[in-house]
Amino acid sequence: MLLRRGLVALLTLLTLTACGHDENPAPEEPVVAESQGRQVDEEPQAAAGLGSRGASAAPSAKSQGAQATAFVQKLSGTFGIVVRDRTTGAVWKAGDTKATTWTASTIKLAIATDVLERNQAKQITLDATDRSNLDKALINSDNDAATALWNRYDGPGMLERFRSKYGMGSLAVIDGYETFWRNLRCSAEDLQSLMSYVLEKLDAQSRSYLVTTLRKVASNQHWGVWAAGSGLKPGNKDGWAEKPVGGKNVWVTHTVGFAGDGERYVVAVMYEQRPGGTLEKGAHAVSDAVATYFGAKVPAPVTLP
């Protein structure tokens, strides 16, 4: 009996000892902050542009605007960008928005606006060929189509209307060149005024045509305002050319258009590079400035002309 009690006591002592000490404890799972475990994107919608947050939302002046300004300040050459919010009236600018340079093909938007408006007023009558040339000049940026409209409908006579009616106050013919649409100069401010006129003062039928057409431009114009992102349903008229400035050839890459529900944002950008620049660098710079402002993907996915 005593032997049995002794064995029970011994077994109990061994059990208590095993529960109180682990010779090889399993290591604790470390507590890792989420930012250490994966890359955290503070604005996961950025790659899709404002459209993912609601196309009516305004860009943050302290974030995207500041980032876009910093981007522009790093560029060489002469760069100017204007974004006007037609809902709030706010205007954001960076660079030299009053500097003038060759308009390149952006002026085709002014030509189209003029002939459409005069047709609506029954001052001229656009036929099927004219309508086709309008499409080609805007969608494909066809130079021959623009020249045909310019020659048929008194191009030189349009210039004063561009200045006084469309607000393109600094528009002028390049010194030493004939009065022709390919020999004009203007500023980003001028292009902003032109686009604002189209959206706010042009007759409804002509405005509808231009908005619809600028939203379906060919791939050679899928850059510039286009970089705001598909969620903002942008439309644009781009311009690009290698032109003489100060005795040397330089690339100019420009864009004018709109973005957002109801074409809320008017956007105009002009960029004159220094000698040695390229079309690719210019188109990407213009596009990345727009994309940065609207919180879209940078580098912007663009198609070069």
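**Close-up views of a predicted model**

**View 1. The hairpin of β1 and β2.** In this predicted model, the hairpin of β1 and β2 has 5 residues between its strands, and G89 takes a positive phi near 85°. Strand β1 covers residues 78-85 and strand β2 covers residues 91-95. The two strands run antiparallel and are joined by 5 bridges. Across the pair, I81 stands opposite A94 of β2. In a regular strand, side chains alternate between the two faces of the sheet.

View 2. The largest nonpolar core holds 44 residues. Those touching the most other members are I107, F162, M168, L171, M195 and L210. Leaving aside residues up to four places away in sequence, F162 touches I107, A110, I111, D114, G167, M168 and L171.

**View 3. The packing of helix α8 against helix α9.** Two packed helices are described by the angle between their axes and the distance between the axes. Helix α8 spans residues 188-200 and helix α9 spans residues 204-214. Their axes come within 8 Å and cross at roughly 120°. From α8, the residues M195, V198 and L199 meet R207, L210, V211 and L214 of α9. Sorted by class, this contact of α8 with α9 has 6 nonpolar residues, 1 charged residue and no polar ones. Two of the residues in this contact, M195 in α8 and L210 in α9, are also listed for the largest nonpolar core, among the residues that touch the most other members.

Methods:
Residues numbered from 1 in each chain as written. Predicted model: local features only at pLDDT ≥ 70, side-chain atom pairs only at ≥ 80, totals over all residues. Heavy atoms only, no water. Core = buried A, V, L, I, M, F, W, Y, C linked by side-chain atoms within 4.5 Å. Buried < 20%, exposed > 50% of the residue type's maximum accessible area, 1.4 Å probe, protein only. Contact = heavy atoms within 4.5 Å. Pairing = 2+ DSSP bridges. Helix = DSSP H or I, 4+ residues; strand = E, 2+ residues; numbered from the N terminus. Axes fitted to C-alpha atoms, helices over the stretch in contact; angles between N-to-C directions. Nonpolar A, V, L, I, M, F, W, Y, C, P; charged D, E, K, R; others polar.
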